[in-house]
Each structure stands twice: as C-alpha cells, then as structure tokens.
Amino acid sequence: MLESNKHSIFQTINAASPIDKVGVEERVARFQTRSIKDDAKAQGLKMVLSMIDLTTLEGKDTPGKVKQMCFKAHHLHDLHPNLPQVAAVCVYPSMVAIAKQALEGTSVKIASVATAFPSGQSNLEIKLADVKLAVDSGADEIDMVISRGKFLSGEYNFVFDEIAMIKEACGVARLKVILETGELCTLDNVRKASDIAMYAGADFIKTSTGKIQPAATMQVTYTMLLAIKDYFEATGKMIGMKPAGGISTSKLALHNLVMVNEILGPNWLHNEWFRFGASSLANDVLMQILKLESGSYQSPNYFTLD
Amino acid sequence: MENKKNASEDHQWLYSPSLESTSHIEIKDKYELFINNEWIAPTSNKYFDTINPADEKVLSKIAWANAQDVDKAVKAARKAYDEVWSKISAGDRSKYIFRLARMMQEKARELAVIETLDAGKPIRESRDIDVPLACNHFFYYAGWADKLDYAFPNQKTESLGVVGQIIPWNFPLMMAAWKIAPALAAGNTVVLKPAETTSLTALKLAEIIKEAGIPPGVINIITGHGDTGEALVKHPDINKIAFTGSTQVGKAIQKALVGTGKRSTLELGGKSANIIFDDAPIDQAVEGIVNGIFFNQGHVCCAGSRLYVQENIAEKLVEKLKHRMKSLILGNPLDKNTDIGAINSREQLQTIEKYIQIGIQEGSEIFQCEGALPANGFYCKPTIFTNVSQSSVLSQEEIFGPVLTIQTFRTIDEVIQKANNSPYGLAAGVWTDKGSKIFNLTSKLKAGVVWANTYNKFDPASPFGGYKESGFGREGGMHGLGAYLKIIK
Amino acid sequence: MSNLEVLKTYKLYIGGAFPRTESGRFYAPVSKQGEVLGNICLSSRKDLRNAVVAARKAQGPWEERSALNRSQILYRIAELFSDRKEIFLKEFQKQGSSLEEAVLEFSTTLDRIVYYAGWCDKYNQVLSSVNPVNSSHFNFSTCEPMGIVALIAPQNTALIGLVSLILPALAGGNTLVALASENLPISAISFAEVLNDSDVPAGVVNILTGKQDEIAPIMASHMDINALISSDLGAIENAIAEACIDNLKRKFTYTEDFNQPESQGLTFIADLQEIKTTWHPIENIGGSTSTY
C-alpha cells in the first residue's frame, strides 16, 4: 500500500467521533426493550442457528472432540426437520484437517484461529506460518488476533500493516479480525481498532477470543456495527460482524440481531455477514424453537451436548 | 454499492405485534369526582368522554366539575389542612407519602397500561419512564417531610395551606406526582385538576390514595375542562396555584391571581435548543436528538425542538439522523415495540399539521419517515425540517409535536446567541467532547435545565423549571420544596 | 474671594454617565421643612429605555466576573461611601432627617453594603446542590442571576431602602435600573456618584429620578426587564403586577422596614436568582470500583 494512501486512511480513522459510553448503554438498553415474538421470533431463532460458528478452542481439544462437534454442526437436532445447519466450526489450526475431513460434503465452513491466538504475542513470521498452516489444511476463514500491546502503545501503523499482511496470506480465505475488546478498555479504542482492521483488509471484525472478560457485550458490538455502517457509507464495501464469547442465550442473540437489523439493515441478516462465535448458544436456541412450536418448555436432556 | 444489489427480500425481518395485555386493568364506565376520599357525582350531573387517541374509542365517562364542585373540594382540603394534615407529625406525613409511593409501585403495570390507553404514549415509555418516575417522585419527597429544616438552613418555613394544581396531558400521572408529592411533604393539602383528555391515571391514583388510607381531604382530584380549572384558580380559599401547561394559559392564570395574594408557580412552554458541535460523540448525539424531539411524540415542554448543528458536520449528522428515524416504529401505543405512539388529541394533531404546512410554505425542506399511518386514531410521522432560518415561524413557536427544525451554525458565539434568542428558557442540550466548552456553554445558555451529552433526562432529585417565559419556580429536588413553603423572614 | 455657595445640579445615572433627562423636564420636591431640594430630573420613558439598554450591555460581563471580584467591588462601594459620610449626613438632614436619624441611616446603610459585599462568593454555595440522580449522570443545580432588575425604591427613605434592594441584586450578578424615592431623591444621586467612583462597571447600576406613577408602568411592561422589585406600590400595585405578566417578569414586593438592622438576608439575593440544573453522563470505564 502506498504511504500516501495510508496517510489519508489514518486521517479518516482519526476523524472518527468520540464515543460516550453512557449514551451507548442507553441505546443498547433500548434495543433490549424490543419484544420479539411469534413469527419474528421463529424467523430470528433460525437465523441465529444459521449464523453460529460452533467453537472449540481449548488446549485439551482432540480429534475426537472436533469430530463430534463437526457432526453436531450439520445435525443440530435431527428430530426436527427444517432446521438450518450452523455457519461454520471454529477450531485451532492443528484441528483444521480433522474438521475438513469430518465436514466433507457439507456446506459448513471451517474457520480457524491463527496468528498466535489468543495473545498474538509472537513475530510476524510465526503468525504468517500459523495462517499458512490453517489455510493449507483447508480453512475457509481465518480468525486472527490484533496485537493489542502494540495498539495500546500507539503503534497503529504496526497493527495496520500486520493485518494487511495476514490478509494477503489468507488468499481466498475470508479474514476475521479479532480486536479482543476486553483488553482495549474503551469504546473509543474499539472504534479505532475496528476502523484500522477494516481499512487494512478485514472481511469481518470480531469482538473477542473468548479467553478474556468482558467479551461480546452489546455495547461493544453496537460500537463495531456503527463502525461497519460508517465504513460502508464511506467505501460501499460490506464488512461482516462476529460477536464472540458470552452470548449463550437466545434472548441475547436475538437482541444482537435486532441491533444488526436496525443499524445495518436486512442485508446483513445473513451468515455471510453476521456470525455468533459460541459454544453453548445452539442448544438454547434449539430449545426455544421447540418451545415456540410445541408450547412446552424444554429440558437440556433432550438436546445433545455436541 | 455493488453489494447492495445482492439484497434479498427474504432477509427482511419484521417484528411481529407484541401487544401489552389489557386484561389485568380495570377502567370503570364512569368516574365521579374524588373529594374527601369519596366519589361524588358532579353537581351539574355533566360528564364527558375520555377517548383512546390511538383508535378514537371511548374509554370512560368523566365527571365535569363546576364551581360548586370546586368549592366542595377546596372546603374538604381546607378542613383536612386545618384539622389533620397540619396537626399530624411530619414523620407521619412522611410515612403516608412513602405508603403512596409503594402502593403505586405495586400497581405500576396497571397504571402504565391505562396511561398508554388514555394518552396515546408508547407502552415502553409509560412502563419504563412515566410510571417509575411518578412512583420515585413520591418516594423522594416522602423523606423530605420531616427534614424541611435542612432544606432551608437558618430560615424558618411554613406550609402554605390549600394548593390548587392544574396539570397537562403530556405526562398525566408523572405531572400529578410532581405536583402532589412536594406539596404534601411541605405540609399542604391539595386540589388537583388533571387535563380533560387524560384524567384516568389521576383517578386511578385517587383509588390508590383511598386504599393507602391517606386522610380524607388531603388530596382531592376534580376533573373537567378549562372552566373547572378557572374556578379553581379563582376560588378565594386557595393559597397557591401550581400550573403546568401553555405559556398563554399560564399568563391568564397569573392575571387572575393579581391582587389576591395567592402564590403561584408556572411551568410553561419552551422552544429548547439542542446544540451539536463537530467534536460531539455523533452517534450518541443522534440518539439525543431523537430522544429530544420524538420522545412522547414531541409532547414535551422541554423538547429539543430547535437543533443547531455545526456546519462542517451538518450533512453527515442529518444523514445519520434520517437513517435512525427509519428504524423508529410508529403505531399502536400498546405494542411494546412502538417508538412513536398517538398524538394526544385531534385538536393537537391539527395544530401540528398546521405547523408542518407552514414549514413547507416557508420553503424549508421536509423529511418524514416512510410508511402508512394507522387508519384510525391521531398519528403524525416524525418530521424534520432542514434549511430552516432563525426567523421562521417553525423555529420560533412551540409546536408540541414530533417536528424538528434544523439550523446550522459556524461559531460558538453565534450558536449561543441563537440559542438564547427566544422568549423561552426552559432547557437546552449541548453535545461536545470538550469539557471546557461544555462549561462555557452551560453557563451561558439561559435555560433552567441544561443537558450536556444527553437529553430529556428527568429525576425526582433534579430541579426542573424555566427562565423567562417558560415560567418560574422549580419542581423536583430540594429546590422544588421552595414552591410549597413560605420562608418566614 | 467669594463665599458664594455653588449649587449642585442633580442628574440621572445611566451607563456610567450623568446625563440630564432627555425630556428636559424637571420637578422640585420639597422637604418636610418646606425647603425645595432642587430641580430634579423628571425621567421619561426614553430615559428608562436608555437605562435598560445600558444595563443589558453590562449584564453579561458583570455576571461573568468572578464572585470574589464582585465581592471586592461591592466592598469598595462601602469604602467610598464611608468616605463621604459628611455629604450624606448633610443630605439626609436636608431631606428632613434629624441628625440622629441621619447618623443611624448612614451607619445602617454602610453595614448593609458590607453585609452584601460578603455574600457575593457565598450564596451560590449555600443555595446550590449536587443532586443524586438515579442514573449514571452528574447533576448539579446552581444559581444564575435573572438579568435586569427594575427597582422602584421605597418612598419613605432617602437611601437605606434603595441600597437594601440594590445590593442583594448586585451581589447576585444582576444589573439594575432603579427609580429613586420620588420625594427624597438627592442622596440616591450622590450614591450614584459613589458607585461611579468605585469599580462598579458602567451600566451595572442605573439610577433615575422622577414620578413613580409615570415610570413604574413602563418598567413593568418593558419586555427586556427580567424582574421588578419594590415596596408596596399602593394604588398602582395591581396594575403593575398585571403589566409584569407580559414577559413573565419576576415580581417581588417587600414590606420590610429597611431601617431595621435585621431587614437583610439571603432571601433578598435568592429571590433574584434562577436555578439552573446541569446534567452530564458519568462513564464507568473498566471494572474497577473505588474500593481498595
């Protein structure tokens, strides 16, 4: 990228409005008063299911665990016809090959975290190698982490360049950029990191690794959705959004969708543009769907863990 | 915008109706006058309909008090003042008011639904704002009753006696609370007259007053039209009139009080400026603009109806505002997703429509949300006018509806002068991220309430009231007590 | 060498200058002893208009001065007033007071000026509040001056009534357009000279002389006057009250005997203050609390 281009990009980024957190909290509280019922709820819940990145990101992950999760990804609840499958599974690079095999012949995508996830504390060479491993093993999507230490010490150029280089390494794989908002502390930082990520080439921006609290709060997601909206207005390019970590109930998921609906509009209400990074959300949504159809409250015992 | 072409209709996600249930509420066919904790038929035997502005259906019949009825109510209040309320301990007064606050909280849901039915305001607002604020107002002032000495240190105070209170239709229950709570805490008794289009929640409050065992005559609620209010103002045994409503009626009341020795406080109209600087948190400012002018269909005396935007961000801000307006849901006030409910009355709707026509004729540019209005009931789309000049009728007169005028400014001096260039002085909003600029503006804006980086916030502890023709006296907070006490010099 | 007395011309005090009335009219009030006090300016509506224009111009800068500065300016009035004791004693007596009464009025007036000088930087602390609202906002209420105060001085005193009402308005950051006692006007003009020689900025206090019945109604209906204070206006009281309603002028009538030392206090300042409430969000950034 030409330095002069980058200069004007940073001018744009630096011109972003400040954010008043109390105002954001009030706005979010108002989204939460939206009452989603009946058909809208059924439609919403199915959308949520279709947008889930079913995730396992643990040191103790094994091929067995990953295979089971992959099976669940396209057999969410076989007793019920007409349920969508989840959007993707999300695993470590070492498990991508296993997942690839397990999901052969399905349309479930494979996302892999990379770039020395979750801390990002390594050098560029290793991060690029990490990405290459995942892509070569068949990942459709790469979830990278930004260098928060560099960001907080003001080295925005470094953060920008790193993202741009990772994007290049992704090839055809779509790049999700994890900001780890829990470490950025202020919404102004969240906004700035969102802008840097989008202008540096992110296809998606993502809140969190799931390893740090707080993770995907509605305040943070709201701030990032507004950044996406402004970016769209400025460039005409759609960027996807992925809140990850802490969204475990249908209600919270629906409130997130309400935000997407009212800020970005229906064009974003598709798993191409919106994802939930979650491990336990799917079953809660399934229980709600069955409750809606049967009228009876459901028990977790009737829904498979993975 | 090639991505836009991919937009597919089946992505549309429309919220299904989510109506608040009306099964748990009780509205009688007919309401009498509430005097001495009794329900008394009006002397004239006249009643008027109260309707639901959302569908124009009659909700109930309301007694129409005449001067004789007003006299009965004032006599009851005087007797209660002389024999009970001024005699019992301040601690007991406090406990009675606390009791009222708690019992209102118990019936909050019923009060909210009835408020929405009678006034047309969205259930989200009655439920989350009007009713909780009304309850909290009683709760706040309850504690003051036995602590008045701390509000005016080194000054001896006395209650006034019988207070006549006339309230408007925009926040029916909340205004009743704003009036009654401090009056009782200060040791006065009360005759309250609600607005004719919105009597029901005050009458439900009367039921609660009776149930709570407030001594008879301490709070009397008489319903009726302007003539009822006039009789109350002119009654010789009233010690004070507290009025919230239009500046025009406020002045008429004030004239009627000349030479009578009766005190008064007036909370009147406004044309408040909401000022957005280029360093403002712009997305929160957009919310503040929406809250400022579309809250309660713009039926708010302190509505941020004059928007001043710094010229270099005006285009961007107006685009964001329009986008935000598109997500406002207008419709049945009982629907939990409704943002914009019904206009309170046909008369008010006509007034608003008249102003919109004036705006169009004056050549200002109009923008309204899309979509059809409900077939029945009184509705007005959220409306903004751009390219409005300071001398436009639209930016001078109070419209009391969801109509915003937008002007641009270049410098801080210019906007201070324009903001203050009004006979009113109720409220103002300032949006900037710079602290020193906020304090500079808040001290120079001639308005009783200044919201910095927020708008339309209310709280029992926060004094509210205007400068200039927006009235005098404060409601809320420690200062609100001053309206119901005399200081013995 | 001639010992011929030089007579004083009594003029108005408007915008820091001492003009004659633009109308060219005068009246000649007579003291209790039957002595003509002089040819006193009979102010016209245009004099009042000019005084209001001067006051409006002075209002912003005056209220924006620091409270300490206002306090020092008011104290300076006391210093200069004290300095001119002989003049005022002579004038009080000329207007009908005994020496004893004159001495008393002078000392009460002096004490009153000092009393209100000391209030300038305190009343706002006493009358303001920080309000604990039920949301994440900092909320406080403070006093602000109402603006231009029209003052119709009590008729029965030469100076103490006028000063007892000028000073609290001034302490509170208001500007004034005052009408002196109709029959006892000359010490009001001498007091204007004190104000002019002290550091009170031009236009902050304007003093007219003339007929109460003529000027009071014009004051009451003037749309750029924010408040009107007076003692009981008798027959015209109600008409004045009614005329004040057009722009919702705040009106206060004081029936105190200002000769009494206790006829002073915070309420005289508070009556001429508006309460302004300001809100601002408080961000709770991060998860830390104030406990440690």
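Which backbone oxygen does the side chain of Gln298(A) reach? In this predicted model, local features need pLDDT of at least 70 and side-chain atom pairs count only at pLDDT 80 or more, whereas totals for chains, interfaces and linings use all residues. Residues are numbered from 1 along each chain as its sequence is written, chains are lettered from A and ligands numbered from 1 in the order in which they are written, and side-chain values use heavy atoms, with hydrogens and water left out.

The side chain of Gln298(A) reaches the backbone oxygen of Ser296(A) at 2.9 Å, and a polar contact of 3.4 Å joins it to the side chain of Ser294(A); a polar contact is a pair of N or O atoms within 3.5 Å, of which, within protein, one must be able to donate a hydrogen and the other to accept it, and residues adjacent in sequence count only if both atoms are side-chain atoms. Apart from neighbours within four places in sequence, Gln298(A) is in contact (heavy atoms within 4.5 Å) with Met287(A), Leu290(A), Lys291(A) and Phe303(A). With a relative accessibility of 27%, Gln298(A) counts as partly exposed, a class between buried, under 20% relative accessible area, and exposed, over 50% (1.4 Å probe, protein chains only).

In chain B, buried residues make up 64% of the 489 residues, and the C-alpha trace spans about 80 × 50 × 35 Å along its principal axes. Of the contacts in chain B with a separation of 6 or more, 76% are accounted for by residues 24 or more positions apart.
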